[in-house]
Amino acid sequence: MLKDLDITPDDPAELRAVNRLLADEVKSQALLIEKLKHQLAGQNRHRFGVRSESLDQLNLTFEEDEAIAEAAEEQAKPAQPAPEDKAPRQHSRKPLPDHLDRHDAVLSPGDDCTRCGGKLKTLGEDVTEELEYVPGRFVVNRIVRPRKACAGCEAIVQSPLPSRPIERGRPGPGLLAHVLVSKYADHVPLYRQSQIYSREGIDLDRSTMADWVGRSTALLDPLADEIGRIVRRGEALFADDTPVKMQAPGQKKTKTARVWTYVRDERPWSGSSPPCAWYQFTIDRKGEHPVSHLADYKGWVHADGYSGFNGLFGENKAGEMACVAHVRRKFVDVFASQGNAIAEEAIRRIAELYTVEKDARGKSPEERIALRQSRSKPIFDDLEA
């Protein structure tokens, strides 16, 4: 193209054509420059973002540590007796929850006056509440099954064992739930749990608990499958994928696997179904996975622009609902790297859409449709223009 521009025609028509070529070339180069600047800014954030964040963290004030030090100094000071005529200090602390068990300890001065020996009568009482913690305790459930013999026919009978999570295993359902919640909700690895339990005098090896966790996953499979069916029965669902690092056996490195999340949440429009999330794990991000997960689903799917979701949409398939949050993210990136006024205006207008959605939350579907047609549609049409 540059060779085509290296001419100086005398004919006005040819000169206008050259001008058009020049304008197109300048526009193309400007777009390319903006694209490369945007990519460079993203790469710089990716490369230096963690370091800059760590520097910001080092520059934070140590208000919490200073408060701890002041409290320690205050605690070390000898207690000063309060004047008898001083009014009791009023606290602004929230009261302790009513559902907690109360254990009363009554400190009585006795029934007789120490001065004259007369009988004391109660005028009132002061109650001071102290929040205490009692560590969880291990208990042993003993299932005793007597064997009995019939006096007439000498038949021996015994009650069968009740159903237990792991046959011929020692853990009760409460212990299994505690191990699973500690590992997956509180992020306490099994080896640390083993160390914690050893302080209670309980020898639970990591490998033993790993076996329990594996067996528990099999027990929970029917529940997970039912959650998946509930999610797919909804008229609309949200779909997204999250990268997770997975160890590659024998390769001494990790590879990127995916956790696919499908969420049914009807609370914004007062639906009757409780919110629930269905998770699926795959070792890669191929589009065949969401297609197989949502096979035969005919509702609406809210998803980002990942091409792997495209197989979900079409005739006699699910309907596509694009994600405005992902669209907004692109404008935020451009504005953060370039301070672009157009990107800033797009962010402002998308914020107006968020305001409409905030007002629509909790209303019936009919009210939400009317609100969006009257307020959101003009914003979208103007934004597109």
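## Helix 4 and its span

Helices here are DSSP runs of H or I with at least four residues, strands are runs of E with at least two, and both are numbered from the N terminus. The expected span of a helix is 1.5 Å times one less than its number of residues. With that in hand, helix 4 (residues 173-185) has 13 residues and reaches 17 Å from its first C-alpha to its last, close to the 18 Å expected at 1.5 Å a residue. Just after helix 4, H187 takes a positive phi of about 60°.

A word on the setting: this is a predicted model, where local features need pLDDT of at least 70 and side-chain atom pairs count only at pLDDT 80 or more, while totals for chains, interfaces and linings use all residues. Residues are numbered from 1 along each chain as its sequence is written, and side-chain values use heavy atoms, with hydrogens and water left out.

Which residues of helix 4 are buried? They are L176, V179, L180 and S182, where buried means under 20% relative accessible area, exposed over 50% and partly exposed in between (1.4 Å probe, protein chains only). These residues cover an arc of only 165° around the axis, which puts them on the same side of helix 4; the arc is that of the directions from the helix axis to the C-beta atoms. On the face turned away from this buried side sit the exposed residues P173 and G174.

The buried residues of helix 4 pack against helix 5 (190-198) and helix 6 (206-232). Take L176 in helix 4, which counts as buried at 6% relative accessibility. Leaving aside neighbours within four places in sequence, L176 is in contact (heavy atoms within 4.5 Å) with P165, I166, P171, W212 and S216. L176 and I166 are 10 residues apart in sequence and 9.7 Å apart in space, C-alpha to C-alpha.

A pair of aromatic rings is described by the distance of the centres and the angle of the planes. Rings of Phe, Tyr and Trp (its six-membered ring) pair if their centres lie within 6.5 Å; planes under 30 degrees apart count as stacked, over 60 as edge-to-face and the rest as tilted. By this rule the count comes to five aromatic pairs. In one of them, the rings of W260 and Y306 have centres 6.5 Å apart and planes at 35°, so the pair is tilted. W260 is in strand 4 (residues 253-264) and Y306 in the loop between strand 6 (300-303) and strand 7 (319-322), so this pair links distant parts of the chain, 46 residues apart.

W260 counts as buried at 0% relative accessibility, and Y306 does so at 17%. W260 also pairs with F309: their ring centres are 6.0 Å apart and the planes at 90°, so this pair is edge-to-face. F309 lies in the loop between strand 6 and strand 7, so its pairing with W260 in strand 4 ties together parts that are 49 residues apart in sequence.

A charge sits over a ring if NZ of Lys or CZ of Arg is within 6 Å of the ring centre and within 35 degrees of the ring normal. R285 lies over the face of Y306, at 3.7 Å from the ring centre. Likewise, K183 lies over the face of Y184, at 5.2 Å from the ring centre.R258 has its place in strand 4 and counts as buried at 15% relative accessibility. What does the side chain of R258 make a polar contact with? Its partner is the side chain of D241, at 2.8 Å. A polar contact is a pair of N or O atoms within 3.5 Å; within protein, one must be able to donate a hydrogen and the other to accept it, and residues adjacent in sequence count only if both atoms are side-chain atoms. Beyond neighbours within four places in sequence, the contacts of R258 include D241, Q280, F281 and R285.
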